[in-house]
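Here is a short note for you to read beside the model. Please keep the sequence and the structure open while going through the points.

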Amino acid sequence: MLKKIVTSDPQAYLNKKYRIEADAGYFNARNDIFSRSVWDDKVDAKDFYRSYDIANFKPKKSKGFDHWDFAFRNASWHLTDRIGERHFEDTGAVEGFTDPYTLQSPGPTSKAEVNDPKETSRRLKLAALKFGAGAAGICEVDRRWVYAQKYNRKAGTNPPVDLPSKLRYAILLIIPMDHALSKTYPTALSGASTGLGYTVGLSCAVSLAQFITNLGYEAVASMNDTALNIPMAIQAGLGEYGRNGLLITPQFGPNVRIAKVFTDLPLLADQPVEFGVERFCASCNLCATSCPVRAIPDGQPQSDPPNISSLKGITKYTVDAERCFRFWVGLNSDCAICIRVCPYNKDFSKWWHRLALKWSSLALVRRMLLFLEKKLKFGEKQASATWWMR
Ligand code: SF4
Ligand code: SF4
């Protein structure tokens, strides 16, 4: 059952739950696996990025990798790539990945009246849902999750992240990915689930930032750049952290992307939630045993990460980003088997899945759900041809 953690200090809650050490956080984005593929000989992207330009795609014999699949995947990424890279040649910025979006038009000279942070927060969340989010939550910006430095993939420089401290709040946006498409991971076709998630996330974050700007306040629209989405989303009450290294939401499981908007608009922060994920992951290893390169730990949470692409000093499950990315490179598409097989990856518009989720925090129900999950092979890969027949 969904339990709101009533605390005046979500930071303290996270500190205790993940045994966060005093100097943890402040990630250097130079070390994320995609930036490392630019400067680190240990991380070889080969033709991975090139295949996202349709001129270079190479169809494969295996199902889900034909011309139609690549054409659809690349189209789903088209706006994200074109908008994100439009200043790359001048500044080296990849908006949405190394830097925030700069698409907003200037706001008015006057500010809208905002006397009630609770009502302002409600209206912003309503707007976020209309702009394409499946859920939205608010947290105070915890500077530990803001990157210490970003990485300029063109110049190879590593400047500090400049997020003004007056942007005290962040609105975290949960962008649901297509459930049926995600059932076809890992293929070029399923990469469209990821691409669509980013493109809707871009549209949602930029529209919400423009809305705030139109009210006369400051807003910065962000995707993977500037700060770590997952801890902020947990603080914003949008889900729990899973063994697969992903946010698990009560509405869409792990089948989501996350975007965010930083603002100086006075808001009311949400409270973290729990709905049994920690206990479920302790007894379920499906993502770890299904990962083709064993990048997901099958033991206890640890504070030492496998490599520099993850933060240390936080006791949690950490995916080995080097192994994971190597698999993506071999595939020429992204893999999310760990989303596909997760028992929380359900279509929660169905009442029986909502009912199961509601009671999944009870040990007996958990055991039964896990038994059924394996017996009925809910997480089995669906054929790409089946998706095209829809
Ligand atoms: S995305 Fe694929 S390779 Fe990476 S951790 Fe998940 S299952 Fe493993
Ligand atoms: S597959 Fe199981 S262990 Fe992995 S994240 Fe989902 S519930 Fe947790």
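1. M1, W351, W352, L355, W359 and L362 make a nonpolar surface patch of about 640 Å². Patch residues have over 30% relative accessible area and no salt bridge, like charges being joined within 9 Å and nonpolar side chains (Val, Leu, Ile, Met, Phe, Trp, Tyr) within 5 Å. A salt bridge is a side-chain nitrogen of Lys or Arg within 4 Å of a carboxyl oxygen of Asp or Glu; areas come from the Shrake-Rupley method with a 1.4 Å probe, and for residues only the protein chains shown count as cover.

2. This is a predicted model: local features need pLDDT of at least 70, side-chain atom pairs count only at pLDDT 80 or more, and totals for chains, interfaces and linings use all residues. Residues are numbered from 1 along each chain as its sequence is written, chains are lettered from A and ligands numbered from 1 in the order in which they are written, and side-chain values use heavy atoms, without hydrogens and water.

3. L355 belongs to helix α13 (residues 351-359). Helices (H or I, at least four residues) and strands (E, at least two) are DSSP runs, numbered from the N terminus. With a relative accessible area of 43%, L355 is partly exposed (buried is under 20%, exposed over 50%, partly exposed in between).

4. An open sheet has four strands in the order β2-β3-β7-β4, with antiparallel pairing. Its edge strands, β2 (135-140) and β4 (219-222), each pair on one side only; two strands pair if DSSP finds at least two bridges between them.

5. Strands β3 (residues 169-176) and β7 (residues 256-263) run antiparallel and are joined by eight bridges. I175 has R257 in β7 as its bridge partner.

Conventions. Buried means under 20% relative accessible area, exposed over 50%, partly exposed in between (1.4 Å probe, protein chains only).
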